[in-house]
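The sequence and structure are shown first.

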Amino acid sequence: MKILVPVKRVVDYNVKVRVKSDHTGVDIANVKMSMNPFDEIAVEEAVRLKEKGVATEIIAVSCGVTACQETLRTALAIGADRAVLIETDVELQPLAVAKLLKALLEKEGAGLAILGKQAIDDDANQTGQMLAALAGLPQATFASKIEIADGKAAVTREVDGGLEKVTMTLPAIVTTDLRLNEPRYVTLPNIMKAKKKPMETLKPADLGVDVTPRLKTLKVSEPAGRKAGVKVADVATLIDKLKNEAKVI
Ligand code: AMP
């Protein structure tokens with residue numbers, strides 16, 4: 001079984017993003033970019049499934065600018081077998097990415113796609129769900145455990161009240177939650193090996209997909225700054241303030 005793992009290049013999670021002065025978005029010039037952390041978990045899970053003998057090939061895919069090649073090289077260093085860059089300078093929105101992924105999933109005949117539950121830049125949490133809908137496939141989102149056997153995937157999901165277990169027939173779409181696994185460190189020998197692994201470049205038109213944005217960003221602004229706190233003298237004052245000022249107890 002082939003596993004498709006979409007990986008997005010995003011601003012590194014350690015970077016404090018700055019809003020552009022014209023409020024059109026955040027400034028990504030000269031900012032460290034990395035693989036979306038949930039996608040690293042997805043690649044790790046695919047590699048573990050291959051190590052267990054469940055998967056035969058892992059294909060990492062990234063949609064976006066040429067620099068996404070770096071993100072794909074990281075996926076290859078973690079253990080993906082080959083990579084596909086769907087190259088475009090157009091700003092990609094979840095629906096466009098989902099259409100590209102659907103086309104690639106069908107072209108490759110993959111039995112499973114493991115995506116991140118959300119990209120930490122736009123926090124959309126939409127692509128996996130849209131991909132499942134467009135491809136007409138079952139989906140299990142927010143996965144904290146994946147077991148594959150007899151053409152089925154049993155997925156434990158993190159839901160508000162605790163854990164829910166669902167089973168789906170393959171092919172299927174899974175999105176990862178934080179506790180699914182802890183991705184391995186990328187070692188130098190694996191970075192070197194990754195350089196020799198195949199990377200194919202496609203254009204959206206090669207997959208017959210129109211990626212024109214459908215949504216327009218009206219304005220991006222910083223969240224309101226936090227007001228300074230106060231130190232209280234004792235517990236009685238704290239209780240009084242919580243009761244009468246904050247009115248939370
Ligand atoms: P989102 O719906 O934007 O929060 O993204 C959810 C997941 O979809 C990510 O964790 C990735 O697995 C995948 N994804 C989103 N955008 C891209 C992209 N440009 N290239 C590859 N995968 C993507």
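## Backbone geometry

Lysine 247 is placed in the segment after helix 6 (235-244); helices (H or I, at least four residues) and strands (E, at least two) are DSSP runs, numbered from the N terminus. Its phi is near 55°, a positive value in a residue other than glycine. Lysine 247 is exposed, with a relative accessible area of 64%, where buried means under 20% relative accessible area, exposed over 50%, and partly exposed in between (1.4 Å probe, protein chains only).

Aspartate 150, in the loop between strand 7 (139-149) and strand 8 (152-159), also has a positive phi, of about 50°, although it is not a glycine. Aspartate 150 is exposed, its relative accessible area being 78%. Most residues other than glycine have a negative phi, and most peptide bonds are trans. The peptide bond from leucine 170 to proline 171 is cis, with omega near 0°; proline 171 belongs to the loop between strand 9 (162-169) and strand 10 (172-176).

## Basis of the model

The model is predicted: local features need pLDDT of at least 70 and side-chain atom pairs count only at pLDDT 80 or more, while totals for chains, interfaces and linings use all residues. Residues are numbered from 1 along each chain as its sequence is written, and side-chain values use heavy atoms, with hydrogens and water left out.

## Ligand site

Of the 17 residues around the ligand, Asp39, Ala119, Asn125, Gln126 and Thr127 come nearest (a residue is near if one of its heavy atoms lies within 4 Å). By class, this shell has 8 nonpolar, 7 polar and 2 charged residues; Ala, Val, Leu, Ile, Met, Phe, Trp, Tyr, Cys and Pro count as nonpolar, Asp, Glu, Lys and Arg as charged, and the others, Gly among them, as polar. Strand 4 gives the most to the shell, with 3 residues.

A polar side-chain atom of aspartate 39 lies 2.5 Å from an oxygen atom of the ligand. From the backbone, an N or O atom of proline 6 lies 2.9 Å from a ligand oxygen, and a polar atom of glutamine 126 is 2.8 Å from a ligand oxygen. The protein covers 98% of the 490 Å² of accessible area that the ligand has on its own (Shrake-Rupley method, 1.4 Å probe).

## Buried leucine

Leucine 85 lies in strand 5 (residues 82-87) and is buried, with a relative accessible area of 0%. The C-alpha atoms of leucine 85 and leucine 72, 13 residues apart along the chain, are separated by 7.7 Å.

Definitions and conventions
A polar contact is a pair of N or O atoms within 3.5 Å; within protein, one must be able to donate a hydrogen and the other to accept it, and residues adjacent in sequence count only if both atoms are side-chain atoms.
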